[in-house]
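Let's take a walk through a protein model, starting with the overall picture and ending at single residues. Keep the viewer open as you read.

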Amino acid sequence: MDLKEARYILAIAKQKNMGKAAESLFISQPSLSKYLKNLERQLGAPLFSRIDNAYIPTYMGERYLHYAEQIAAFGEEWDQEYEDITHKEQGRLNIAIPIMLGSTLLQPTLMEFHRRYPFVTINVMEEVNFVAEQTLRNHSIDLTFYNVHEFPKLLDYQIIRKEEIVLILWENHPLAERAEKKPGYRYPWLDLQLLEQENFILLYPDQNTGGIALKLFEEYEIQPPVLLHTRNSQMSIQLAMDGMGAAFAPASYFHSLEKNRSDHPLCFSIGRQPVETTTIAAYQPRRYLPQHAKDYIQIIREYCCSG
């Protein structure tokens, strides 16, 4: 199995359609079909079953794809390292990131990266959640940015920043006058006990902010009513600003949405200690990181420090 062969079969498996696979490889459909037919003849067994016009891997195909993914991953790393060695400053950067974090972290920094590396193509794969799992499965992803309260054990990572998780309420909420200034907290501090009967809009517990919310409720021994669970951070923040209920979010998420509104929604510090989340850049263990990826991590760090 060579690199070209691995990439061809991986494309068919990904697209499940010969035409789309050929298009993604920039070759003709008849050429790709002939290539697959010849390979299956050499192997003495089919790699795909044709089911409802879709190409579904056989058991032989699944085992082939297992090794093809590894060969393709090494091939991509070699391409990147070769570009670094020859100082061509070309290539690509595949990034996986939650949608809201992409808006607050990537959008303000991509122009600076493009200025330094005008010939590097950037592919941003925005996910609602589970970006860490995407990185483990998809060897084409170079960097994954996401917020954690527990660091990953199966990925290498670098810490980008720490930021406060805040409570969001709508303008003129009656509890606002109960907030107080406290040393060590950036925003007016509000006792969560006061929100025991408040309606909440929460992210799911397997998401970073959703898990933090449940820990806070447990710590304060409260069980406030939850009107809505969502995986969409922006939705939870906007609904809280509109007055549907209270929400938790990283402070940067709040400020990115608050500045576009005509009213003045509120955010508060909470917790017996400041509640923080950590943003990391994660990647496959022992993966070669091209220089442009390392530089982009530094660009983002500098942006976070300047904010």
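First, some ground rules. This is a predicted model, so to speak of local features a pLDDT of at least 70 is needed, side-chain atom pairs count only at pLDDT 80 or more, and totals for chains, interfaces and linings use all residues. Residues are numbered from 1 along each chain as its sequence is written, and side-chain values use heavy atoms, with hydrogens and water left out.

Now zoom out. The protein has 11 helices and 11 strands; these are DSSP runs numbered from the N terminus, with helices being H or I over at least four residues and strands being E over at least two. Of the 307 residues, 47% are buried. Here buried means under 20% relative accessible area, exposed means over 50%, and partly exposed is in between (1.4 Å probe, protein chains only). The protein exposes about 16400 Å², and carbon and sulfur atoms supply 50% of that; accessible areas come from the Shrake-Rupley method with a 1.4 Å probe, and for residues only the protein chains shown count as cover. As for contacts (heavy atoms within 4.5 Å), take those with a separation of 6 or more: 75% of them are between residues 24 or more positions apart.

On to the helices. Two packed helices are described by the angle between their axes and the distance between the axes. The axes are lines fitted to C-alpha atoms, for helices over the stretch in contact, and angles run from 0 to 180 degrees between N-to-C directions. Take helix α1 (residues 3-15) and helix α3 (residues 29-43): their axes come within 11 Å and cross at roughly 110°. That makes α1 roughly perpendicular to α3, given that angles under 35 degrees count as roughly parallel, over 145 as roughly antiparallel, 65 to 115 as roughly perpendicular and the rest as oblique. On the α1 side, Lys4, Glu5, Tyr8, Ile9 and Ile12 meet Leu32, Tyr35, Leu36 and Leu39 of α3.

A second pair joins helix α5 (residues 99-106) and helix α11 (residues 291-306), with axes 11 Å apart and an angle of about 80°. So α5 and α11 are roughly perpendicular to each other too. Their contact brings Thr104, Leu105 and Leu106 of α5 together with Tyr296, Ile300, Tyr303 and Cys304 of α11.

Next, the charges. How many salt bridges does a search of the whole structure find? It finds 10, where a salt bridge is a side-chain nitrogen of Lys or Arg within 4 Å of a carboxyl oxygen of Asp or Glu. One of them joins Glu40 and Arg50, at 3.8 Å from N to O. This pair links distant parts of the chain, with Glu40 in helix α3 and Arg50 in strand β1 (residues 48-51), 10 residues apart. Glu40 is buried at 12% relative accessible area, while Arg50 is partly exposed at 46%.

Arg161 and Glu163 also form a salt bridge, their closest N and O atoms being 3.1 Å apart, and both residues are buried. For Arg272 and Glu219, the closest N and O atoms of the salt bridge are 3.6 Å apart. Here Arg272 sits in the loop between β10 (266-268) and β11 (276-283), and Glu219 in helix α8 (residues 208-220), 53 residues apart. Arg272 is partly exposed at 47% relative accessibility, and Glu219 is partly exposed at 36%. Then there's a network of salt bridges that links Glu112, Arg115, Arg116 and Glu302.

Finally, some single positions. Pro250 lies in strand β9 (residues 247-250) and counts as buried because its relative accessibility is 1%. Leaving aside neighbours within four places in sequence, Pro250 is in contact with Asn147, Glu163, Glu164, Ile165, Thr209 and Thr277. Glu163 is also the salt-bridge partner of Arg161.

Gln70, in helix α4 (residues 59-86), counts as partly exposed because its relative accessibility is 32%. Gln70 and His139 are 69 residues apart in sequence and 8.0 Å apart in space, C-alpha to C-alpha.
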